[in-house]
Amino acid sequence: MALDEYDVDATELLETYDFLMKYIIIGEAGTGKSCLLHHFTHNAFKDHSQHTIGVEFSSKTVTLGEKRIKLQLWDTAGQERFRSVTRSYYRGAAGVILVYDITNRDSFLNMSQWLTDARALASPHLVAVLVGNKSDREEDREVEWAEASRWAAQNDVHFLEASSLSGDNIEAPFLLAARSILLSIESGILDPEKPGSGVSYGDRALRRVTSSSHLSFGSLSGARRRRSDRLRFKNWAPSGKCC
Amino acid sequence: MSVQARSPVPPPSSLSVPSRNAGTPASASQTRNPITIRLRKILGTNFTDEATTEALQTLSELYGTQSTVSVSDSKAQTNGTDSDDNWSDEDVDVGLAVQDDSACLNETASRARKNLRRDLENKLAQGSQQFLQAFSEVDQKLDELQNHVAAMRVACDEAETQLRLSSEASQSLLDRAESLRSEREEVETRKSIVMLFLNRFTLSDEEAEAITSRDVPIGPRFFEAMNKTERIRNDCRVLMSGEDGPTKAGLDIMVSTSSYLEQGYEKIYRWCSFQFRQMGRDAQLEVDSTMQQAISRLSQRPELLSEALTFLTQTRQTGLLSAFLDALTRGGPSGLPRPIELHAHDPIRYVGDMLAWVHQAIAAECEFLESLFGLGGQNDDSKARRMVGAVRTFKGSEEEGWVKELLNSAVTKLCVPLKVRVQQTVRSQESSIVSYKVANLLQYYMLTMRRTIGEDALLSTTLSEITDVSYKVFFDAIEAHGRALLRIPLDSDDPSLTPPLPILEHAQLLREIMQVYDSSLLDDTTAEPGQTFNRILDVMLDPAMEMCAAAAEEKARYRPQWDRAVFVLNCWCYLQNVLEAFEFTSEKRHTIQEKIDERVKSLEDEHYENILRDASLYDTVTIIKSKTPSDPLSHVLPAQKLQPTLARFSLWLSSPEVVHSPRLSALTSPSLHSTIHRVSLARVTKAYAQLCEEVRKPENRYEAASTLLGMERPFGQAGVLWAIFGLEEESEESAAD
């Protein structure tokens, strides 16, 4: 008994996780990828952000239902000159966060190219989330929510708007991608045991696997219901019709 | 008062007595008389109380027994009671009281009255006698009792003595018992102290088992026992450092605990080594708390730790190597993502993919190692760190040292396959632009890795090596290109003066290289812009410029008609123009400008002479310059010879060449064309002005000098000539230059 308690404590202490997922964050320069990530990992807006040089790395552990998921986040430079470098990091990513700026129409129009690139270079079951950043600047909006949502539905990606300034919806894209990936694992499309899938089991999940033969995700659906009222996106399922 | 209370009749109060006797005349006057008082008292006595009744009853019984008289006597007595006489006290009263009784009664009464005293005395004596007898009996009994008491006392004394004796005798026993008890208590205390001591300074069997036994896994129980061992040693050390110096027990404890401790560390070491051997298989690693604690404990024994970590290093090295080779040759599950080597034909992508893979592997490895040493998230609240971009500062703690070293050694084995592949790719590149791109990419990663794993790490040095190699390959390529350019002769049949095709191609290459540099991956802030690029510019441009000049010289030898100077200027200007778009080339542009200026100068001279010739002033100007001051000019150059010259000059002034030089129009730069032409025209004007001045001078002995000059345009006036050429008149000072 004492041992079990000890284990529980250690779990909290060390941030063990069930799954490890690799994400890549892409999009045109100046759309706020680094700020979005910074707000997500540090829970604060990043002032006076410089252009990212090449690729930057950070990690964060999130909780989704009963699952603890460690995210390895690769933040890429949006500038054209780094394209050759950043493309190399798509390899083996399980999730991609496509970021555009709702006040900059060009950044949205280029999304198709970015998505094609990502689908071509990353793992085949790549989960993509389209994020319209800078949702706090409604007055300068150049890309309508409906338009982006339609594009997302056509291209089979999740969509939502967020603000790296106000922190509105800041965790949602990462959790959304994680949930999709978990569902893929559950349905057997993704196998975390194979290298290059961008997902792998953590120690906690492995322990659970050995203790019970069946991996249960029962908590997931509950968590989704709980979350859905908090998130702002209506077009939850990628195949859903847009209003 | 109790007598009154007991009376059956209502008791006559003391107040009723005087009221009853109120009729007595004597009472009123003689209240103080003692006799009165006595009388009153007697009168006041109540005989109805029980005591009196009893006494009278007894009296009547005394006499009643003698005769019937006694009955009448008693009757008399009852009668007497009715009267208020007090015969029991005074005979007189009695006599008075019974006086009135009958005769029979009188006899008895009188006898009784006579004998009463005696009878009473007899009775009294008799009673006393009886008392005496009774008391003597009692006395006797008391004597007996006394004897008994005495006997008892003796016995008691005896017993007491006995008791005292026995008590004295038992005293020693009691003392003994007392001392034994205290001794026992002391022993108990000592026992508990010893127990505490043992608890504190020795390991229980269970704990010893936890440390030594192979069956007990590394875990909380084991760590607890280790903690205790450590604590014992610390406590013991404190105790032994006292004034008494080390005790034997202390030494024993130190010896035994140190053996346990060593066994414990040995056990951790074995466990860690075992665990580390397992760690090579997974690409992503996680550290549990037991492992973390084991490592932090083992850091107390650096030699064991480093030995254990060598296993980790080995497994990680082989693990990473095989993962790298898998990624290179096999790709992800079911071949997706594709193996990196599939893109070997695209050198940028191939090299970039490999380096990105290594970079990501390092990030994961670094996280793993930091959590192994418990460093993760320590410095940062949000547990998110930047690995790239932000320069990692190793604060030099022991753990960070380990992390750095392990990270270095874990990726060591990646260096060889990486180096081989990159070098192969770089060497096989024919396009210098691609080699330049690869070199740039390598340099970017070199700087990234330096920031991540330090400059001394093998991977950093390897990257720096292959970066140097790729730069060398690039420079070799462009140097070879330059050398090849030098060997190319110009097409001698081509009359055109524009830059030849090889130069255009060369310039295009340069342009591309500059574009790559401009969009360089490197941080602009690090180096001074252009500083690093100057060498490339030198290597690229110097041979090109040299080639233009040399080849033009060569061609001019066969074709003197061909305008060499204009051609060189055209080429150089073209090259300079290529640089124009990029800011970082300013230095090189400047040096080129200097060379161009030189060439322009000579072209200006040439052009000036050409104009003088065309304007037929050449000979005249030469004569003026070469003449001796003593000789008048008119002797060397007579007026009739000068006059047609001036006429021809006037004619030339009407030709279009004044405005536009056909020769210079071949110059690609219009500004250069007009500058050179204007400068030459200005010099012509100055030469004309000098001519006029000479002609007008009296010592040159021209007749009608002004007429001679005024016959033809510009009528001997330099100002007019300035106007014709459309130039601003230059001041004398600047003209003298």
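I began with burial in chain B, where buried residues make up 30% of the 737 residues. The model is a predicted one. I then looked up the secondary structure of chain B and found 29 helices and zero strands. Next came the contacts in chain B between residues at least 6 apart in sequence. Of these, 70% join residues at least 24 apart.

**Entry: helix α10 of chain B**

I picked α10(B), residues 220–240, and checked its length. It has 21 residues, so at 1.5 Å a residue it should span 30 Å. Its end C-alpha atoms are 30 Å apart, which agrees.

Which residues of α10(B) are buried? I noted B:F222, B:A225, B:M226, B:K228, B:T229, B:I232 and B:C236. Looking down the axis of α10(B), I saw that the buried residues fall within an arc of 155°, so they line one face of the helix. I turned to the face pointing away from that buried side. There I found the exposed residues B:N227, B:N234 and B:V238.

Two packed helices are described by the angle between their axes and the distance between the axes.

I noted the crossing of α13(B) past α15(B) as right-handed.

Which residues of α13(B) and α15(B) meet? From α13(B) I listed B:L309, B:L312, B:T313, B:R316, B:Q317 and B:L320. From α15(B) I listed B:L406, B:S409 and B:A410.

My next pair was α19(B), residues 501–518, and α20(B), residues 534–558. Here the axes come within 11 Å and cross at roughly 165°. I wrote down α19(B) as roughly antiparallel to α20(B), because angles over 145 degrees count that way. The crossing of α19(B) past α20(B) is left-handed. On the α19(B) side, I found B:I503, B:H506, B:L510 and B:I513. They meet B:I536, B:M540, B:A544 and B:C548 in α20(B).

**Entry: a proline in a loop of chain B**

I looked up B:P629 and found it in the loop between α23 (618–626) and α24 (633–636) of chain B. Is B:P629 buried or exposed? I read off 7 C-beta neighbours inside 10 Å, so B:P629 counts as exposed. I also checked B:P629 against B:E699, which is 70 residues away along the chain. Their C-alpha atoms are separated by 9.3 Å.

**Entry: positive phi in chain A**

I moved to chain A and looked at backbone angles. A:K134 is not a glycine, yet its phi is positive, about 65°. I placed A:K134 in the loop between β5 (127–133) and α6 (145–154) of chain A. A:K134 has 25 C-beta neighbours inside 10 Å, so it counts as buried. The cut-off for buried is 20 or more.

I then looked up A:D156. Its phi is near 60°, also a positive value in a residue other than glycine. Where is A:D156 found? I found A:D156 in the loop between α6 and β6 (158–161) of chain A. With 12 C-beta neighbours inside 10 Å, A:D156 counts as exposed. The cut-off for exposed is 12 or fewer.

Technical notes:
Residues numbered from 1 in each chain as written. Chains lettered and ligands numbered in written order. Predicted model: local features only at pLDDT ≥ 70, side-chain atom pairs only at ≥ 80, totals over all residues. Helix = DSSP H or I, 4+ residues; strand = E, 2+ residues; numbered from the N terminus. Expected span 1.5 Å × (residues − 1). Arc of directions from axis to C-beta. Left-handed = near helix turned anticlockwise from the far one by under 90°. Contact = placed C-beta atoms within 7 Å. Axes fitted to C-alpha atoms, helices over the stretch in contact; angles between N-to-C directions. Parallel < 35°, antiparallel > 145°, perpendicular 65-115°, else oblique.
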